[in-house]
Amino acid sequence: MNMYSAAGKELKKRFFGKFLEDILDYWRIYDYIGLKYKEIWKDKISIQDENHFWYSILSDRFACEEKPQDCFEPKSGQVVQFKDVFLSQWAPKMPGQLWTIEGINKAIEGLKKVEKRVEFRGKVIDVLDLNGKKEVVSAGYGSVRINPQIGNTDFFAYMSLVSARNWNCDQGIPVVVSRPVYDKFLEYSRSGSTPETEGEGILILNQDVPLGSFIPTAIGARLEKDLEDTLRYRPFLPKCWIYISSPLSIKMRFHDKAPNSVAWTLFQRDSYDEPFSFTYATFNPTQKDSIDDAVHFINWYVEEHRGKS
């Protein structure tokens, strides 16, 4: 009896030890404690919105005339506090590009290249020509929603923080979250909505978003260098993101709306000079009609310009 009793106690000890370890690991307790330690003893910064964040990151390359008053000196490993922002599954394809002088200039030039005005699903819209579309996409237009990483990984999902002031995911702040943070996000997001969010994370500089190459080579073809640059990070763009590890370090509230996103595609054409072209359309993830309009416009544009299916 004593032998079985001792074995039972050892089994209980191991079970509850593993159970406690799993709880601590899921909630990232040690990460949360470490973050609080850094917050007390090391530099911490508070960001108000995307303008404040990107001005501090880009400095003299920041394009907007309205300069935030209190920029911070970014350092990798800093604690970043944020509030009054919204967490979205849609994130910028080229984070920061729309805040650069080059990005704004490309957008302005691209939007001038109107091919024609058409009535589309009850709306009269300006339709850009192929060069205009390419300029606007390379300016930073285009959102991505990446499937979360499969398996047990710290860096689980690529997302963005967006403020009500800008309300567009292409201008958002890139964030990477752990699986428990993403699980919490799913609890507070409904039908594509974005929860209102406040909390803190760690600023990571000089590292690509650790999710592999999330824009794969298109259509199984080798692309020209300028197309690769348009689809992927520009080499001169800052590599930065905020890592949110523990669900304890973030608070969420239900919100029934979502910032605008930009759906885009690269399509192949029967043209020797321009074998690949772009198109895009702005939509709202919470509105089915908006999503349908974007899908119909993209399909129409591809057919209009003899794109291959």
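User: What counts as a contact here, and how many of the contacts between residues at least 6 apart join residues at least 24 apart in sequence?

Analyst: Contact means heavy atoms within 4.5 Å, and among contacts in the protein chain between residues at least 6 apart in sequence, 76% join residues at least 24 apart. This is a predicted model, in which local features need pLDDT of at least 70 and side-chain atom pairs count only at pLDDT 80 or more, while totals for chains, interfaces and linings use all residues. Residues are numbered from 1 along each chain as its sequence is written, and side-chain values use heavy atoms, with hydrogens and water left out.

User: Why is Ser 160 called buried?

Analyst: Buried means under 20% relative accessible area, exposed over 50% and partly exposed in between, with a 1.4 Å probe and protein chains only; Ser 160 has 0% relative accessibility, and therefore counts as buried. By the same cut-off Cys 169, at 0%, is buried, and Cys 240, at 5%, is buried.

User: What does Ser 160 touch, and where does its side chain reach?

Analyst: Not counting residues up to four places away in sequence, Ser 160 touches several residues, among them Phe 86, Trp 90, Cys 169 and Val 175. Its side chain reaches the backbone oxygen of Trp 90 at 2.6 Å.

User: How many disulfides does the structure hold?

Analyst: A disulfide is a pair of cysteine sulfur atoms within 2.5 Å, and the structure holds zero of them.

User: What makes a space a cavity, and how many of 30 Å³ or more are there?

Analyst: On a 1 Å grid over the protein atoms alone, a cavity is a set of points where a 1.4 Å probe fits but cannot get out, whereas a pocket is an open set with protein on both sides within 12 Å along at least five of seven lines, and lining residues have an atom within 4 Å of a point. Grid points are joined across faces, edges and corners, and a volume is the space filled by probe spheres set on the points. The structure holds one cavity of 30 Å³ or more, and about 40 Å³ of space lies in the largest cavity, whose lining includes Leu 130, Lys 134, Glu 274 and Phe 278.

User: Which residues lie closest to the centre of the largest pocket, and what is its volume?

Analyst: The largest pocket has a volume of about 450 Å³, and of the 18 residues that line it, the closest to its centre are Ile 125, Tyr 280, Ala 281, Thr 282 and Phe 297.

Key:
A polar contact is a pair of N or O atoms within 3.5 Å; within protein, one must be able to donate a hydrogen and the other to accept it, and residues adjacent in sequence count only if both atoms are side-chain atoms.
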